[in-house]
Amino acid sequence: MTVFQIDIPCPDCEGTGHRHRQVAPDAFQWRVCDVCHGDGFNTHEAAYDSLADASVDYPNAIEIRETTQRGGGE
């Protein structure tokens, strides 16, 4: 199996990297997202047989990249 790093949009900031809150009826305060630290995405690692298999489980991924090989032998 191959281990993939999978970047998905941050669910807390919807991939924008920042959040806002209403501080007055017509004013908002913007701040960096606490979950993704302003990157706009979260990275997960998971093992799959192929990139296609990883893509099925993460259809909204920003990027999926191979990291290391596991098992298999020569």
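**Figure 1. Helix and strands along the chain.** Helices (H or I, at least four residues) and strands (E, at least two) are DSSP runs, numbered from the N terminus. By that count, the protein chain has 1 helix and 5 strands, and they come in the order β-β-β-β-α-β. With a radius of gyration (over C-alpha atoms) of 17 Å, well over the 11 Å from the globule rule for 74 residues, the chain is more spread out than a compact globule. That rule is 2.2 Å times the number of residues to the power 0.38. The C-alpha trace spans about 65 × 20 × 10 Å along its principal axes.

This is a predicted model, where local features need pLDDT of at least 70 and side-chain atom pairs count only at pLDDT 80 or more, while totals for chains, interfaces and linings use all residues. Residues are numbered from 1 along each chain as its sequence is written, and side-chain values use heavy atoms, with hydrogens and water left out.

**Figure 2. A look at strand β1.** Buried here means under 20% relative accessible area (1.4 Å probe, protein chains only). Strand β1, residues 2-9, is mostly covered, with 6 of its 8 residues buried. Across the 74 residues of the protein chain, 23% count as buried.

**Figure 3. β1 next to β4.** Strands pair if DSSP finds at least two bridges between them. Here 8 bridges link β1 with strand β4 (residues 41-48), and the two run antiparallel. Zoom in on Q5 and you'll find its bridge partner in β4, E45.

Terms used: Buried < 20%, exposed > 50% of the residue type's maximum accessible area, 1.4 Å probe, protein only.
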